[in-house]
There are 2 protein chains.
Amino acid sequence: MTTAEIIAIGSELLTPFKTDTNSLWLTEKLNDIGIEVMLKTIVGDDGGRLEETVRDAFKRSDIVITTGGLGPTSDDITREFTAKAIGRALVYHDEIETLLRERFRGWGREMPEINKRQAYVIDGAEVLPNPHGSAVGMLFEDSGKMLVVLPGPPRENQPMFEHHVLPRLKATASEVYSARRVLKVSGMGESAVDEIAAPIYSRYSDIATSILFNKSEVEIHLAARSETAEAAAIRAAELADELAAALGKAVFSTDGESMEMVVGRLLTERGETVSTAESCTGGLVARRLTEVPGSSRYFVEGAVTYANEAKIRTLGVPAEVIGTHGAVSAECAEAMAAGMRERARTDHAVSITGVAGPDGGSEEKPVGTVFIGYSGPAGTRSIGLKLPGDRYLIRWRTSQAALDYLRRQMIK
Amino acid sequence: MTTAEIIAIGSELLTPFKTDTNSLWLTEKLNDIGIEVMLKTIVGDDGGRLEETVRDAFKRSDIVITTGGLGPTSDDITREFTAKAIGRALVYHDEIETLLRERFRGWGREMPEINKRQAYVIDGAEVLPNPHGSAVGMLFEDSGKMLVVLPGPPRENQPMFEHHVLPRLKATASEVYSARRVLKVSGMGESAVDEIAAPIYSRYSDIATSILFNKSEVEIHLAARSETAEAAAIRAAELADELAAALGKAVFSTDGESMEMVVGRLLTERGETVSTAESCTGGLVARRLTEVPGSSRYFVEGAVTYANEAKIRTLGVPAEVIGTHGAVSAECAEAMAAGMRERARTDHAVSITGVAGPDGGSEEKPVGTVFIGYSGPAGTRSIGLKLPGDRYLIRWRTSQAALDYLRRQMIK
């Protein structure tokens, strides 16, 4: 397997406000031709650390790509310290200076003398032209290793990588293609999923599998590699199918779709409609359902009935239900769902009432107590949950549980 | 100067889809007490590279912070390889296992055996408790160097860092204090803000100022440094006040508050209530208003009237208004706001109707056409906007514009 490292250079990338994102695009391009990114480093305008970083990376990995630090000012130190790191000198290229002078004249200006710095290139490196800026890139090869030095701005480094680096990598990279699948699981913890999944995925030693917990769902990422794109896709599908069968209904997506996309697809396929009645989630479930393009085909109406009078007025929840059981109760959730379904005349309605905190909890109904109601062709029902987390997480997890409850009613 | 490095651990952070963002928050906290971040590394579930990275970092820098890789599964290798990197063994802590078993029982489940892995701690390290998850953190000190091992989720590592690491660092850090202020500006572009702001902030050479555009608002970040915390705060306040005066009503926050917090504070101060009627934003405005703890004091009810019948049925929008002007019109927005205010009997009501795309646009009303309505004690009015972006951004920017419109009506 060919391995790569990416090094982003620039002190602004070490502030609280900005970080490297060039590497995301580069990673995608590298993965597409079967090259794995093993490490990423972000280093400032600090010669010693930059030199050490490049030197170590060039020892460890087959391909090292740097971005940034090729400007004309004195804090642009990439040329100097990448050269040092690989034990090479910098040589002055008159033809780069000539080109820069022409470029500046084209903009109606004389080239500032400071830009001469940009005519230095690592001895033995190929010069990568930059039609979109003044910094040329460099490509240096030695004993099967490659160092690629790119400018920082995406509109400069992306075309440079695409036209001058990628064809070279394709030619040398082994003929390995990769296929990715993402399974998403709702209503189970990370370790419970792994207990079922590990005996299965460990039999697929050719597929890299990782399990992640993501706010309210567990994700299983599969990356298969093979000699053809088709073979990789087939192999990934085999494992995805086997995992989906073992995990059952808890798997809501086998191709990375979000819960709202899955629910939307089910509704579209069945030609059915939905409405929502929310209290503690305050519109989050409606917002998620309508995030999906084309959701107007199935989403009719939502109510955010925060105050008790709103539940009574808009959803027709009987005042006695709230008086006897409280607004946070299975009875209220069911009355909300039934009332919303009747009001909006939809096939399905889902409702939520609960305590998202930080205030409003009691001994009997602490923060995180949530009831989800459903009303549909087969009747009205509800579930009660106790969810961990702060206000933000409780609301998010409640919205996920509500959409999942709706999904499970539909696939029953 | 005390120097720090941050190492983010997890193979998912080396994919094209995700990268480390924990380091941004950590960097801010470190900078606040005069500690500079000199290098950041992102490493996958690869023991050799992780060990090398931690070992090198611990040689180079005073403080090394790792995030992630502390879960219970076999690809969570941070415990093992940070220990190796500093030449220490792992020791099993029975009391962590006991605590984990209790925690799981509280959630009504038995602890999976796999979670026992989370009871291993670097020999000699202090255990950092994690009230928000199952992974404890670790703090190891040796000859003036510090290694801090934190879990990956921000909701776990931020309180852990704040309560258990920051006080320790403050005690050893140099005596430079910094104060930060964040001004937020709505309804102006980045360069328009800079044209007004630059002549002012350039007179404060002791304050680092940066201007950022963030989805729907321009942020002005100020970082002042001084020998006392008070002096830094006073200096930052001077510049914040001067900028706020120059930019006027467009500044909605001078202390980093979100728009929904600002609107919530205004409503609370005035003892007034609000309701919402949304079409294309699908509940996003209600969701944002109710994200703020205590919002039940002022938020009464919201309607997500996606279908035209819902606008007629729930908001009393006359069918003729929709027939004559269309659902996406100033007339419809005003009827929605007035109808919602009457229905919920609130002091203020805000409404939204528009085309979020990708479908539904026309020549006359292309994607991004949005009308925002307001109804309040002084009457009913509306504004029309044309917003750039994809569906997600149009919805977000619309929600921001609607909350800002409500804010401007209140401070009139």
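Predicted model: local features only at pLDDT ≥ 70, side-chain atom pairs only at ≥ 80, totals over all residues.

Q: How do strands hold together in a sheet, and what is the order of the strands in the open sheet here?

A: Strands of a sheet pair through backbone hydrogen bonds, and the pairing can be either parallel or antiparallel. In this model an open sheet of 12 strands, with mixed pairing, has the order S6(A)-S7(A)-S8(A)-S3(A)-S1(A)-S2(A)-S2(B)-S1(B)-S3(B)-S8(B)-S7(B)-S6(B). Its edge strands are S6 (126–128) of chain A and S6 (126–128) of chain B, each of which pairs on one side only. If direction is ignored, neighbouring strands of this sheet are turned by 15° against each other on average.

Q: In which sense do S1 and S3 of chain A pair?

A: Strand S1 (residues 3–9) and strand S3 (residues 63–67) of chain A are parallel, and five bridges link them. To find one of these places on your screen, look for Ile7(A), whose bridge partner in S3(A) is Thr66(A).

Q: Which strands of chain A and chain B are joined by bridges, and do they run parallel or antiparallel?

A: Strand S2 (residues 36–43) of chain A is joined by five bridges to strand S2 (residues 36–43) of chain B, and the two run antiparallel. Within this pairing, Leu39(A) stands opposite Val43(B). The contact as a whole takes 58 residues from chain A and 58 residues from chain B. On the side of chain A that touches chain B, the residues comprise 26 nonpolar, 19 polar and 13 charged.

Q: What lies across the strands of this sheet in chain B?

A: Helix H5 (residues 154–172) of chain B lies across S3 (63–67), S6, S7 (137–142) and S8 (145–150) of chain B, and it runs at about 150° to S8(B).

Q: How should I describe two helices that pack together, for example H6 and H7 of chain B?

A: A careful description gives the angle, the distance between the axes and the residues in contact. Helix H6 (residues 190–201) and helix H7 (residues 229–247) of chain B pack at an angle of about 145°, and their axes are 10 Å apart. The crossing of H6(B) past H7(B) is right-handed. From H6(B) the contact uses Val193(B), Ile196(B), Ala197(B), Ile200(B) and Tyr201(B), while H7(B) contributes Leu239(B), Glu242(B), Leu243(B), Ala246(B) and Leu247(B). Sorted by class, this contact has nine nonpolar residues, no polar ones and one charged.

Q: Why is strand S13 of chain B described as largely enclosed?

A: Strand S13 (residues 274–278) of chain B is largely enclosed by the rest of the structure because five of its five residues are buried. In a regular strand the side chains alternate between the two faces of the sheet. Here Val274(B), Thr276(B) and Glu278(B) point one way from S13(B), whereas Ser275(B) and Ala277(B) point the other way, and all are buried. S13(B) pairs in the parallel sense with strand S14 (residues 299–305) of chain B over five bridges, and Thr276(B) stands opposite Gly302(B) in S14(B).

Q: Which residue has a positive phi of about 70° although it is not a glycine, and where is it found?

A: That residue is Lys215(A), which is found in the loop between S10 (207–214) and S11 (217–226) of chain A. Lys215(A) has 12 C-beta neighbours inside 10 Å, so it counts as exposed.

Q: Where is the cis peptide bond that ends at Pro358(A)?

A: The cis bond runs from Gly357(A) to Pro358(A), with omega near 0°, and Pro358(A) is in the loop between S15 (348–354) and S16 (369–376) of chain A. In chain B, a cis peptide bond joins Gly357(B) and Pro358(B).

Methods: Residues numbered from 1 in each chain as written. Chains lettered and ligands numbered in written order. Pairing = 2+ DSSP bridges. Helix = DSSP H or I, 4+ residues; strand = E, 2+ residues; numbered from the N terminus. Axes fitted to C-alpha atoms, helices over the stretch in contact; angles between N-to-C directions. Contact = placed C-beta atoms within 7 Å. Left-handed = near helix turned anticlockwise from the far one by under 90°. Nonpolar A, V, L, I, M, F, W, Y, C, P; charged D, E, K, R; others polar. Buried ≥ 20, exposed ≤ 12 C-beta atoms within 10 Å, placed from the backbone.
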